[in-house]
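Subject: Structure for you to look over

Dear colleague,

Please find the structure below. My notes on it follow.

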Amino acid sequence: MIWGIFKRDMCHATRNVIAVIVSMGLVVVPALYAWFNIAASWDPYGNTKALKVAVANNDKGYKSDLIPVRVNVGETIISTLHANDQLDWQFVKSDKAIDGVKSGEYYAAIVIPKGFSADMMTLFSPDIKHAQLKYYLNEKINPIAPHITDQGATTVVNTIDKTFAKTIAQVGLDLASSILHYSQSPQMAEYMRNLNGNLTTMADTLSGASQQVTSYSQLLGSANDIVDSTGKLLASATKAGKQAQNALKQGKSGATSLTSAGANVTSSVNTALDQVSGAFDQVAAKVNKTFDAIGKDSDTAASQLATLSEQISSGESLYDTYITSLNHMRESVEQLPDSDSAKQALLEAIDREITLLEAAKGDSQKLAQQLKDASTQVTQDTAAAERSRKEILNRITSAKQSISNVRDDYATNVKPKIDALASTVSTLISQTDSMITQLSGTADDLDDVTGDVGTNVTSIRSELGAIAKKLDSSAATVKELIAKLETGGNAGDGNSDGGNGGNDASSSDSGESDELRALATANASTLSTLISAPVALHRVSVYPIANYGSAMAPFYTILSIWVGAIILCAMLKVTISDREKAHVLGLGDTLPRIAGPSGPGNASRWGLRLDHEYFGRYAIFALLALLQGTLVCLGDTYFLGVQANHALQFLAVGWLAALVFSNIVYTLTVSFGDIGKAVAVVLLVMQVAGSGGTFPIETLPKFFQMLYPFLPFPHAIDAMHAAMAGSYGNEYLLDMVYLALFLIPSLLLGLVLRKPVIRLNNWVSRNLESTKVM
């Protein structure tokens, strides 16, 4: 039954020229769709020469003392772009370039600003600025053109960077080479000797200046100490002055009472001396009385003499008190200024008075001793007692004379001088008090001044110390430079000292000099190119694809096969008429009336089942789809020259895709009629976006990433990629199996699930036909 239906379909398709042309068109049209798209995208990035990109140079250049030659990077860019055919560069004014981008005349424009060279040369200054190109882009003309022009602009920037780095490196290497050659000349040797001498002088001068600054700082420190000591001395003087004022106040009252005190002392002394003189008279009387009684009662006389001795001895305290008073007075007088004329005379008078008192005291002591000795003699020897009596009386007379001398000397010499001194001291105290008051005010003023001076001196010493350190550091730097210059000079002399065998340092310097010489004598252009681009990208292609057209061929080929399946269902009938069923069954031109209304499965009672109808009509669909797949794949390989490392595998993918796609579209159409055709178109649209044929699936939205495994396109495209460039493991076979698995749901729908929807499909078809439009 299936063969009968297929044989009649082939007869009808080749019955006339029109049928043959249409059949051929059904096979060729999908191939043309694929070929046109593949050819159009064969090498789009290699044909960017027609993209117009404007370039405007407003760079004013740059010139400085460091680089006396005018540098214009903008002109260098223009010269470089003249030799670049990556894009169609248009060299115009900036206004025209910007307006051309707006009007669509140019896809993009690059404007070099006025200060471009100046900004690039900030590389040699502390204030580095990025040189910026202004890039104008018209993004509405074409979705891909902006990316291509961006690549061109990036190429320009990279070219500028590499050219700039290469130029700087080449200039540096040329300069190093010139310096090396010049450094080996006799003039340079003479210059180096002069330079070393000047640098040595400079280092010595810096060291001397540092020492002078340090000495000056120390001198200021000493001055600061003097200022501090002066401040402290003035403070002490102020304090002492205040104490002296208090003492003077006390001294003033003492001075005013000095005369009265002297008078009191005189009165007291006169009274005491009179008493002592009277006492001596009484002692003389008692001594005579005692000695008269010696013969009568010697023991009583001895006792009385002993008593008189003790009385005389007890009276010595009077002399001590008076001597103490005079010593105190003498100490007070000694504190007076030496310039006072009355001071020395008074001191001499007091000393003479003290001497007379001590002499009187000595006479009293002798008298007491003689009385004591007489007390022991009266009991032993009467003649000796009489001699003692005379001696004692003579001693009493002498003591009385001594007291009289003391009293007369005090009244004549001491008291008048005390009175005169008291008057002089009072006047001196007044004058000194005034002077101390002035000194206190002066000390307060000077204290403020010395405080400020001390602060300023400390600050100046700190600054001088920092200056000294900097001078020492500069001197050390100059000396280090001298050492390096001497080392470099020795290294430049080659092996002039080779007879000494050299040393490690000389060997090292010689090695460095040799390396520098080798670097300077090398090809500067080659080295500068290496410095400007030290890293080279070594591209290693894994499963390489010849060109962009070959890379896009699987997507457009698989897409065209699906389009071909839709065209087949649009041009060929998917249902079998009752007349054809009758001819296949050998029943004439029509089915018996008992077959019922026309539709799928109405001839099943005569042996033409629903699956016979399905496969019988699908046979011609499958044949034409295989022809479509074969033509498009052979055309890709042999007409366009698409890369296909495994041509048979490439063709097998086309065949399997043709069978699967045609079966899916045929099943949708035979099951749902025109609605099935619409579903096939919807599936086509979904797979164009979600197959990963143009952009990686990872770059697509999440919905398409989830839908990706359940669409036939991705597996067919991956299998064709594997056939073109090579397969990793069982990649090709797995993709072919996944693609073939889509036949299972398609056949399940066409053979099993189709029966319940036949009536629904017939009802929908009748309603569409009733509209007289659809």
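Phe661 is buried, at a relative accessible area of 0%; buried stands for under 20% relative accessible area, exposed for over 50% and partly exposed for what lies in between, with a 1.4 Å probe and protein chains only. This is a predicted model, in which local features need pLDDT of at least 70 and side-chain atom pairs count only at pLDDT 80 or more, while totals for chains, interfaces and linings use all residues. Residues are numbered from 1 along each chain as its sequence is written, and side-chain values use heavy atoms, with hydrogens and water left out.

Aromatic residues

Phe713 also counts as buried, with 0% relative accessibility. A search of the whole structure gives ten aromatic pairs. Rings of Phe, Tyr and Trp (the six-membered ring for Trp) pair if their centres lie within 6.5 Å; planes under 30 degrees apart are called stacked, over 60 edge-to-face, and the rest tilted.

One of the pairs is Phe555 with Tyr556, which is edge-to-face at 5.3 Å centre to centre and 65 degrees between the planes. Phe555 is buried at 4% relative accessible area, and Tyr556 is buried at 16%. Phe661 and Phe713 form a tilted pair, with 5.5 Å between centres and 40 degrees between planes. Phe661 belongs to helix α18 (residues 647–672) and Phe713 to helix α21 (residues 712–725), so this pair ties together parts that are 52 residues apart in sequence. Helices (H or I, at least four residues) and strands (E, at least two) are DSSP runs, numbered from the N terminus.

Ring pairs also join Tyr614, Phe615, Tyr618, Phe621 and Tyr666 into a cluster.

Helix α22

In α22 (residues 731–740), the residues Tyr732, Asp735, Met736 and Leu739 are buried. They cover an arc of only 100 degrees around the axis, so they are on the same side of α22; the arc is taken from the directions from the helix axis to the C-beta atoms. The cover over the buried residues of α22 includes α18, α21 and α23 (743–770), where contact means heavy atoms within 4.5 Å.

The loop with Pro592

Pro592 is in the loop between α16 (578–585) and α17 (610–640). Pro592 is partly exposed, with a relative accessible area of 32%. Leaving aside residues up to four places away in sequence, Pro592 touches Leu587 and Trp606. Between Pro592 and Ala603 the C-alpha to C-alpha distance is 9.2 Å, and they are eleven residues apart in sequence. Arg605 lies over the face of Trp606, 5.8 Å from the ring centre; a charge sits over a ring if NZ of Lys or CZ of Arg is within 6 Å of the ring centre and within 35 degrees of the ring normal.

The sheet

Four strands form an open sheet in the order β2-β1-β3-β4, with mixed pairing. Its edge strands are β2 (88–91) and β4 (134–137), each pairing on one side only. From one strand to the next the twist averages 20 degrees. Two strands pair if DSSP finds at least two bridges between them. β3 (residues 108–112) pairs with β4 in the antiparallel sense over four bridges, and Val111 stands opposite Lys134 in β4.

Helix α3 (residues 73–82) lies across β1 (52–57), β2 and β3, and runs at about 155 degrees to β1. Helix α4 (residues 94–103) packs on the sheet and touches β1, β3 and β4, its direction making about 155 degrees with that of β3. Axes are lines fitted to C-alpha atoms, for helices over the stretch in contact, and angles run from 0 to 180 degrees between N-to-C directions.

Regards
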